[in-house]
Amino acid sequence: MAEPRLPIPVDPAAIEVLLPTTNHFAVFLLLLSLVLFSATTVILAAPRIVPRLSALFTQLRHTRVHQAPLGGPFTAVTTGRPSLATFTSTSHHSAIFTNRPGVDMAKYANPPQPPPLFTGTKESIVADAKALCERTRALLDAQVASIKPDEDPSSATFESVLLPQTEDENESSLSSRILGFYQYVSGDSALRDASTEAEKIMDEFAIECSMREDVFRLVDAVYKNSGLADSLAKDKDRVIDATLAKAAGLADVESARLLERERKSYIRNGLGLPEGPQRDRFKEIKKRLSQIQIAFQKNLNEENNGIWFTPEELDGVPQDVLDTLEKGTGENEGKLRLTFKYPDLFPTLKFAKNPETRRRVFVENENKCNQNVPLFKEAILLRDEAARLLGYPDHASFRIEDKMAKTPKTVMDFLNDLKSRLAAGGVKEIQHLLELKKKDHEERKLPFDGNYYLWDHRFYDRMMIEHEYSIDENAIAEYFPLKSTVAGMLRIFEELFGLVFVELTPEDRARISPTGKAEDISWHEDVIIFSVWDDATEGDGFVGYLYLDLHPRPGKYGHAANFSLQPGFLKKDGTRRYPATALVCNFSKPTEKKPSLLKHDEVVTLFHELGHGIHDLAGRTRYARYHGTSTVRDFVEAPSQMLENWCWTPSQLKSLSSHYETGQPIPDDLIEKLIATKHVNDALFNLRQLHFGLFDMAVHTPKTHEELEKLDVSKLYNDLRVEISQIKGPEAQGEPSTWGNGQATFGHLIGGYDAGYYGYLSSQVYSTDMFYTVFKSNPMDSVQGRRYRHTVLEKGGSQDEMLTLEQFLGRKPSTEAFYKELGLA
Ligand SMILES: [Zn+2]
């Protein structure tokens, strides 16, 4: 998601894109890289800023946003505002993008590949999923029956084993993702259910495949027959580059990477362990971990605790928030029930004047899901045991070896360096906020003990921005009507990357639809579709399809996300299959009086998500599994994070803006005010991120298993928080440091970010480095834009991401720009 910030200091927020469902995600984790059918491309969002002032807040008043599977609603821009039928029914008829004069558009009229169909029925969706699995099973069975490396070692080759498997995977991915997509967008609940069912079928089948010893033996034989095994045995850290691939007798880097990763995924699934007690134990651990992940998330989803407050205790909390709270009867007569859902929690921590109220809410929120405490402990113990069974020193080493960082040491060096650099800034920010608190307490005649507490932060951070940066988010939004802003963004991408976006009219749709029916090529009448092309300088070739589904409706996915619908790849005959990618967002609908207007954080969100969409469209890989955004997780956010910088650049903001009444660009003083808030209390924000990152590393890198058994996880969590953030907790009031169980209140470390939370910070290093090094002086440099497209975006996950980054930067990445941006250089 957009501006990468976490809510401070409640809990890690949001994920953006995503994950099929919690259960599927848990399953996904088991699969590691062997995902035969991943129904949706998994892109995890950088956690987002709590929009300053009223932006998010206004949205939350209108609807009670459901908590995201693994985090908060910060990605959600859902509003419950009613829309007018006249706007909905005509939304795709009014062009979002007037095509440019002087360009012969006729050459872009006939895409060489028809768009996918969205004509699934509840029967066909499930049946198709089963058929895909059966086809793959038949292929694998046939391979096992006919290829006998024990008898004839040379029979197991890349061509005989891996190539047919990838061709099957490529082909399957054209329908599997769409089968899983209906659950997020279909207006028909039967279709949504069928889609969830289809995804479950495909996930379970993928697990079955990932555990097939007979198939592993074939893949392992191919690996040993290739030169790759010998080269990597000599130097296991060697990056797979063109020289190595060639020496191994493989067609290209991507094929070599595929072979190496595919083989390793079986080993990481325990198939490298000898049959018997060890392997059985490993399987048992994995099964239990999967159960824990599901239970942990279910507990979070179903958590429904709350506190009864009197209206006096909630003084300061905006009336429209209070209006949504449950009213008490009987012994709670006259009281209001505050839950720990974000629409209740955040406004209360930001606005409740009574420090005792904030304290209670804060502390009880940290204790809202204590049934997860033993599950968390069990999970880290099982992970540690599993990693040691596989021969790793700890779980972090297991998780990080395939990431950009490669080793826990790299991660720890980075996090510790950042920590020491941020420390002084954090103290300074606390001092300023503490002065504000002192003054406020004096004015309101409240006792003041000289401490700045965790439950003070949102309150005084909000007050500081209101007092010291007078900024009206709604006035800014008037300059960003949705349609003209989208058009402006697409123009930026056209200029930078040499693309052409052609919006499909109803006539176009009917003409290119494989069924001849316009409605069959989208899932809802509101969806805007573009055919995307290379411009003349890039050769006028076809690029793919882009879908924009921008407004909320019942049953639709509630956040902002990019879904890869069909990946691109090289077909058997050597021609290219082109991708289809969708943005699913929840911007407010236009009303009779006003078009949909975007707050600045929504502008950033949209640009960020479009960034994922462009990444997906630009992909030019051989295999579907490495297409577009299918990169390692500590890199996937970097391209979109980099693009966010455009939304903080005055010239770009100006060109994106157009007042909804006057058409005027946003004035300079408003831009200045807006940009001034970018880094307010940034050290504290990043220290909060560091707390999550360092805690995550600490529980996943115990020296011994016994050490982990003895660990008091809650104490560690709270001690680290005080040490890193330097903000005081209940300990300063004499409570033991086991006062809360924050590790049990957010899903990230159980649901996929284990030994990976650092990625939110480290991908910022890469994105800031790329921006400062290449684009800062001229964000519209089209030569560099094209170089970026072809060097970074196009590669997807087809080669080592560090190699990609180095090729683009012309050197190893550096933290310098990142620290400069944070004012720490
Ligand atoms: Zn993202």
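## Helices H13 and H18

In this predicted model, helix H13 (residues 342-351) and helix H18 (residues 457-468) have axes that come within 6 Å and cross at roughly 65°. An angle of 65 to 115 degrees counts as roughly perpendicular, and H13 and H18 are therefore described as roughly perpendicular to each other. The crossing of H13 past H18 is right-handed.

On the H13 side, the contact is made by Phe346, Leu349 and Lys350. On the H18 side, Arg458, Phe459 and Arg462 take part. Sorted by class, this contact of H13 with H18 holds three nonpolar residues, three charged residues and no polar ones.

## The chain as a whole

The chain has 825 residues, of which 52% count as buried. Its secondary structure comprises 33 helices and ten strands. Taking contacts between residues at least 6 apart in sequence, 78% join residues that are at least 24 apart.

Strands pair through backbone hydrogen bonds, in either a parallel or an antiparallel sense.

S1 pairs with strand S3 (residues 336-339) over four bridges, in the antiparallel sense. Within S3, Thr339 is the bridge partner of Gly306.

## The five-stranded sheet

A second open sheet is built from five strands in the order S4-S5-S6-S10-S7, and its pairing is mixed. The edge positions belong to strand S4 (499-503) and strand S7 (561-566); each has a single partner strand, so one side of each has no neighbour in the sheet. From one strand to the next, the twist averages 25°.

S4 and S5 run antiparallel and are joined by five bridges. Strand S5 (residues 528-534) also pairs with strand S6 (residues 542-549), in the antiparallel sense and over six bridges. Phe530 of S5 stands opposite Glu503, and the bridge partner of Phe530 in S6 is Leu546. Ile528 has Leu548 as its bridge partner in S6. Six of the seven residues of S5 are buried, so this strand is largely enclosed by the rest of the structure.

## Leu163 in helix H5

Leu163 lies in helix H5. A residue is buried if 20 or more other C-beta atoms lie within 10 Å of its own, and exposed if 12 or fewer do. Leu163 has 17 C-beta neighbours inside 10 Å and therefore counts as partly exposed.

Leu163 and Lys572 are separated by 409 residues in sequence, while their C-alpha atoms are 9.7 Å apart in space.

Conventions
Residues are numbered from 1 along each chain as its sequence is written. This is a predicted model: local features need pLDDT of at least 70, side-chain atom pairs count only at pLDDT 80 or more; totals for chains, interfaces and linings use all residues. Axes are lines fitted to C-alpha atoms, for helices over the stretch in contact, and angles run from 0 to 180 degrees between N-to-C directions. Helices (H or I, at least four residues) and strands (E, at least two) are DSSP runs, numbered from the N terminus. Angles under 35 degrees count as roughly parallel, over 145 as roughly antiparallel, 65 to 115 as roughly perpendicular and the rest as oblique. A crossing is left-handed if the near helix is turned anticlockwise from the far one by less than a right angle, and right-handed if clockwise. Two residues are in contact if their C-beta atoms, placed from the backbone, lie within 7 Å. Ala, Val, Leu, Ile, Met, Phe, Trp, Tyr, Cys and Pro count as nonpolar, Asp, Glu, Lys and Arg as charged, and the others, Gly among them, as polar. Two strands pair if DSSP finds at least two bridges between them.
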